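I opened the notebook to record what I looked up in this structure, entry by entry. The sequence and the structure come first.

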Amino acid sequence: MTAQTYVGAVDQGTTGTRFMVFDHGGQVVANAYEKHEQIYPEPGWVEHDPMEIWENTKSVITTALGKAGISPDQLEAIGVTNQRETTLLWDAESGRPVHNAIVWQDRRTTDRVEQLEEDGLVDTVREKTGLEADAYFSATKAEWLLENADPIKMERTRPEDIYDRAEQGEVLFGTIDTWLIYNLTGEHITEVTNASRTMLYNIHDLEWDDELLEEFGIPREMLPEVRPSSDDETYGSTDPDDFLEAEVPVAGALGDQQAALFGQTCFDAGDAKNTYGTGSFFLMNTGEEAVESDHGLLTTIGFQRSDEPVQYALEGSIFVTGAAIEWLEDLSLIDNPAQTAELARSVDSTDGVYVVPAFTGLGAPHWDQRARGTIVGMTRGTRKEHVVRATLESIAYQTRDVAEAMEADSGIEMTSLRVDGGAVKNNYLCQLQADIIGSKIVRPQVDETTALGSAYAAGLAVGYWEDIEGLRDNWQIDREFDSEMDRDEADRKYERWGDALDRARDWARDGD
């Protein structure tokens, strides 16, 4: 390939949409970003407007290319990566959503998940999908939408028609990757990592599971075709008569955390990464073996290349890390995220304060849907600096929770952890993470590894990169952080964190 061609990546996240263009060396040559509205209809409910997301996607693509002076014809391929589990239904004829998308953070289906527990279906869900039964995943969201979606937005359908039309394939189901691929190419496709997060897909048989579809009342006819993460056949191409005015293949897609695993070149069993975004997501490649977790982790699909076996992963999903920094901003305790390091360093300790940011419950390895955010240990002398430092420490403690579970399940002692995401620009947090977890923290030069991973997947599919060895050569270290804290002190602080967690558990009750 010549230096004048590139690969683009749509990175559709929880708070906004980014388009990045990468050259053959894996370096960023174009970048544009737009936020979208967070919609909170009721406490614990979180929604996004899918049409706003699509309009923003078109905008960031054209803006990034325009700013860099890159013609759409110079794109060899486009990859897609996305906030996982976020779920929507749309009318196949009009292309309009029947309701806002229900975001992965949304807890409206908690009661339905508890019904699954009462019915003894938790083990079945875990065995088939590798997932814990939780409102986090797509199945109960899709079920809720079929039962409650506003048919007025479909422009023509009566309320009782929604399910019937879904059975005819006239109402379509998808996660955000599916929605973007559909709008980019006209094809109703998802890829294997996103399918594995729906709680409807059997990760061993590699197909939609009839028993789970029946349990949640999801017609098979409304489901997308499942394809590899890097697809030599491609998912389709953009319409040259549409906004891009070029025919560009869309050839790769991965859920955001699997994309970061791919972008960090964690191609071998035992390779691990942690992405610090709205939440934090810790993944370890387990190769062709789907390792069953005994310690509250998820068994998930890591990625799949065309004509190759699926690579599995263990995952620890932490619901709130970067969102805790946003919360500090919302409370006006900080003016911007960069200020957290300065404030945290200004005090010697948290003075006994612990923050448990369980704003939407606790994810791995605790899985408590009714846990809620808690601050403990405050005195009259507690200042905002203590709360800010305690919030940063909570990110490190939650990561250690997952790291210990990961080591117990895999039998692999972790000596280093590759990190990425916006929060890792904070050197204080990276050092704190190394101290608490007791492992080396490795930060790459290109920290937008989510977008990079989807670009790699698309580029490999069309031959822009010949093989994964070339991708390994692209990966460069920016900085390493070694543990400096006395291990006894780190263990003592971590043990006290467990006490704080106990205060946050099982707090939310219906009617409170």
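Leaving aside its neighbours within four places in sequence, which residues is N474 in contact with? Before answering, I note that this is a predicted model, in which local features need pLDDT of at least 70 and side-chain atom pairs count only at pLDDT 80 or more, while totals for chains, interfaces and linings use all residues. Residues are numbered from 1 along each chain as its sequence is written, and side-chain values use heavy atoms, with hydrogens and water left out.

**Entry: N474.** With those sequence neighbours set aside, I find N474 in contact with H24, G25, G26, Y456 and W465, where contact means heavy atoms within 4.5 Å. I place N474 in helix α15 (residues 468-474); helices here are DSSP runs of H or I with at least four residues, strands are runs of E with at least two, and both are numbered from the N terminus. N474 is buried, with a relative accessible area of 18%; buried means under 20%, exposed over 50% and partly exposed in between, with a 1.4 Å probe and protein chains only.

**Entry: the five-stranded sheet.** I traced an open sheet of 5 strands in the order β3-β2-β1-β5-β13, with mixed pairing; two strands pair if DSSP finds at least two bridges between them. β3 (28-35) and β13 (250-255) are at the edges with a single partner strand each, so one side of each has no neighbour in the sheet. Direction ignored, neighbouring strands of this sheet are turned by 15° against each other on average; axes are lines fitted to C-alpha atoms, for helices over the stretch in contact, and angles run from 0 to 180 degrees between N-to-C directions. Strand β5 (residues 75-82) runs parallel to β13 and is joined to it by 5 bridges, and T81 stands opposite L254 in β13. On this sheet I find α6 packed, touching β1, β5 and β13, with its direction at about 150° to that of β5. Helix α1 (residues 50-68) lies across β1 (6-12), β2 (16-22), β3 and β5, and runs at about 150° to β3.

Entry: I checked how covered helix α6 (residues 176-185) is, and 10 of its 10 residues are buried, including W179 and Y182. Just after α6, G186 takes a positive phi of about 85°. Strand β6 (residues 87-91) is also mostly covered, with 5 of its 5 residues buried. T87, L89 and D91 point one way from β6, whereas L88 and W90 point the other way. β6 pairs with strand β8 (residues 171-175) in the antiparallel sense over 5 bridges, and L89 stands opposite F173 in β8.

**Entry: the seven-stranded sheet.** A further open sheet has 7 strands in the order β16-β17-β15-β14-β20-β21-β22, and its pairing is mixed. Its edge strands, β16 (298-303) and β22 (477-481), each pair on one side only. Strand β15 (residues 280-287) and strand β17 (residues 311-318) run antiparallel and are joined by 7 bridges, with A313 in β17 as the bridge partner of N285.

**Entry: A272.** I located A272 in strand β14 (residues 272-276), and A272 is buried, with a relative accessible area of 7%. Beyond its neighbours within four places in sequence, its contacts are C266, F282, L283, M284, M414, L417 and R418.

**Entry: cysteines.** How many disulfides does a search of the whole structure find? The search finds 0 disulfides, a disulfide being a pair of cysteine sulfur atoms within 2.5 Å. C266 is in none, and the nearest cysteine sulfur, that of C430, is 16 Å away. C266 is buried at a relative accessible area of 0%, and C430 is buried at 3%.

**Entry: α12 and α16.** At what angle do the axes of helix α12 (residues 384-410) and helix α16 (residues 487-504) cross? They cross at roughly 95° and come within 10 Å. The two helices are therefore roughly perpendicular to each other, a term that covers 65 to 115 degrees. The contact includes Y397 and R400 of α12 and Y494 and W497 of α16.

Methods
Parallel < 35°, antiparallel > 145°, perpendicular 65-115°, else oblique.
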